[in-house]
Each structure stands twice: as C-alpha cells, then as structure tokens.
Amino acid sequence: MKILPYQPDQSGMAYSVGTTLDRFIKSKQSDFPFASGELSQLLRDIALAAKIVNRETNRAGLANIGGAFGQTNVQGEEQQKLDVIANIRFMRALSKGGEVCAIVSEEEDSVIDLQNGSGKYVVAIDPLDGSSNIDVNISIGTIFSIYRRKTPVGSPIQEEDIMQPGKEQVAAGYVLYGSSTMLVYTTGFGVNGFTYENSLGEFFLSHPAIQAPKDGKIYSINEGSELEWTPGVKNYVDHCKKSQYSARYIGSLVADFHRNLLKGGIYGYPSTQKNPNGKLRLLYEANALAFIAEQAGAIATDGVQRILDIQPETLHQRTPLWIGSEKMVNEAMGFLNKKREAVNL
Ligand code: F6P
C-alpha cells in the first residue's frame, strides 16, 4: 500500500475559499491559556445568530417585517419589527449556549438573568443598531461586548458583574449588514474581519489584523444638530471644512465606524447643550467600538476621558463619543477644550 502526504492542489482549478470564522476562532483559542473553549463557543453562537439576522434583514422588504413594531424601547425610541426579531434571535442563541449568565440589551429595560448556573460571561448587546435605516435598505449593524462575570459562577448575578468599565471586556465585535455582511471582532489580540459568503453560509477571514490609519480625512457627525453644539464642536467642524475633509454620515453607527476604521476618519456624537451625555449608549455601543478601535490602533474618548475607563452607573447610560484615527481624534479634542491638552490615550 502506498501512502502519500497531502499535497495542496496547485492547478488553480478550484480556488481556495480561505479560513472560516469557526476555524479561525478555534486556532486562536490558545491565546487564552486557561480558557476552556466557552468564549470560542460564545463567539460562534453570536455568529450563528448574526447569520439568521442577516437572512431576516435581507428578506425585510419581502416578508412584511420592515417598519415599526408599534412600541417604544426603554430609550423612548420607536422599535422596528426587526429590532424585536434580532433581539429574540440573539437572546435565544446566547441563552442556549450555556456560556452566558446575563444579558444587557438595548431592547430590554432590565438585565436578563439567564439563570444558567455554569455561565461565566456577561454580554451587552445592541441587536440591531441604526434600525431606522432598514426600510430604506441602508446598512445596519449588531454591536456586542463580552465580559467575564466578577462574582463566582453559579451565584446570583450582582451589579458588579454588569457595571464593568469597557477596559474589562474580554471580547467585542460588530456585524455590519451592508453591501456584504461582515463580522469584525477582537479578543484583545488585534482585530479581524470576516465576510459572509451567502452561498456557503459561512464567514471567511477577509480582513486579517485590521490597522486603522493614524490619520484620515473623513469626518462623520450629524450636522443637522449644529444649533445645539458647543462652540468647540462648531469650531472643530469649521476646521474640518476649511481643511477640505470629506463629510460622510450614514446615521448607522456601525457603518460609519467601519468605514472610518478602514479608511481613516473620525466619528463624533458630541454632548450638546441640551443633551450633555450625547445619545449613544456606553454599555452596548461605545464600549465595544472603543475596544475594537484601540485594538486597531485608533482611539475613543467622550471628550474628557478614554471611553474604556468610564465606570458605568446605569444600564442604559449614554455617553458622548469621539472615535477614530488617532490624529483626528486628538485634533478634535484640541478644539473641544482649547485650554486642555489633547487627550493622550
Ligand atoms: O444608536 C443610535 C444611532 O442610530 C446610531 O446608529 C447612529 O450613529 C445615531 O443613532 C444617529 O443619530 P442621529 O439620527 O441623531 O444622527
């Protein structure tokens, strides 16, 4: 009997499809010397729910699941049907896996205790961000943060398990349902992006080791709010115009962030005179993107301090957010408070 070592095909007749998300997650498990595979499984659960939500968002125009649900969420925002569906999908995936003990969701008033005795992770999630864009077929996203619980596994969930600053995240990511669907995540060892291959039903590594440009020429801010801006924000945006930066703002945080991460730019949702805390939520929007930004060499601040250092006090706490290329964010900080040095993160 002849036995030959496997020789990868060199003919080019069948192109290689590359590394699946699953295989990549498995190959990175050794980054955590004491991990028992639960975090890997949790990431796979999220990816599965993302595939289902991707299917639902793609069908939205046909399946009568576009439009408003008829209720408002805890933020007082009108819930879209897909917000509710995405929330159910992620809740189900996270509760079945067994790795998670509690979930904070944009769509739920309270912390959801999964009453899962073995779960050592807490997940904060915005199941479908930018959902007012669904009906007009514009990119939307999912944002998630993963924390290790502080109290012993199996004991009742405590406030300290939930109210952790972003620097305690063990993983974070987002899914962008755009012209193609992508999942981008970090476990604190760089940032990797995966593109969904519809026909195979798999995410494949397409953007390994993402590095954000140190500088950029794109600014993303809702200029319709100018009348509410502080003089510092106004001066900064005037500066962007004088410098002939490009204005790009979709109104879908994941999409705006993703573009700026790859191309170089800044996204700003400032505090205004009316809303000193801005609009975006710390636990399931700002923290995850700040972790990813820093892992890719970019930065994120609320205008005063590093996002990842903020100690949350309430579940649905809002925060101003300036996030993106290091030089641009520091330049913006110079305008926000002329007397203070640009934040050195
Ligand atoms: O989560 C809130 C959100 O929809 C973000 O995705 C987006 O960047 C922002 O609000 C848009 O807010 P506005 O309509 O005030 O510009």
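Mentor: Contact here means heavy atoms within 4.5 Å. This is a predicted model, where local features need pLDDT of at least 70 and side-chain atom pairs count only at pLDDT 80 or more, while totals for chains, interfaces and linings use all residues. Residues are numbered from 1 along each chain as its sequence is written, and side-chain values use heavy atoms, with hydrogens and water left out.

Trainee: OK, which residues of α6 and α7 meet?

Mentor: From α6, Leu-253, Phe-257 and Leu-261; from α7, Glu-285, Leu-289, Ile-292 and Ala-293. By class, that contact has 6 nonpolar, no polar and 1 charged residue (Ala, Val, Leu, Ile, Met, Phe, Trp, Tyr, Cys and Pro count as nonpolar; Asp, Glu, Lys and Arg as charged; the others, Gly among them, as polar).

Trainee: Why is α6 called roughly parallel to α7?

Mentor: Helix α6 (residues 253-263) and helix α7 (residues 282-295) pack at about 15 degrees, axes 12 Å apart. Angles under 35 degrees count as roughly parallel, over 145 as roughly antiparallel, 65 to 115 as roughly perpendicular and the rest as oblique. So α6 is roughly parallel to α7.

Trainee: And what makes α2 and α3 roughly antiparallel?

Mentor: Helix α2 (residues 38-59) and helix α3 (residues 81-97) cross at roughly 155 degrees, their axes coming within 9 Å. That angle therefore makes them roughly antiparallel.

Trainee: How do you know whether Cys-101 is buried or exposed?

Mentor: Buried means under 20% relative accessible area, exposed over 50%, partly exposed in between (1.4 Å probe, protein chains only). Cys-101 has 1% relative accessibility, so it counts as buried. Cys-240, at 0%, is buried too.

Note on methods: Axes fitted to C-alpha atoms, helices over the stretch in contact; angles between N-to-C directions. Helix = DSSP H or I, 4+ residues; strand = E, 2+ residues; numbered from the N terminus.
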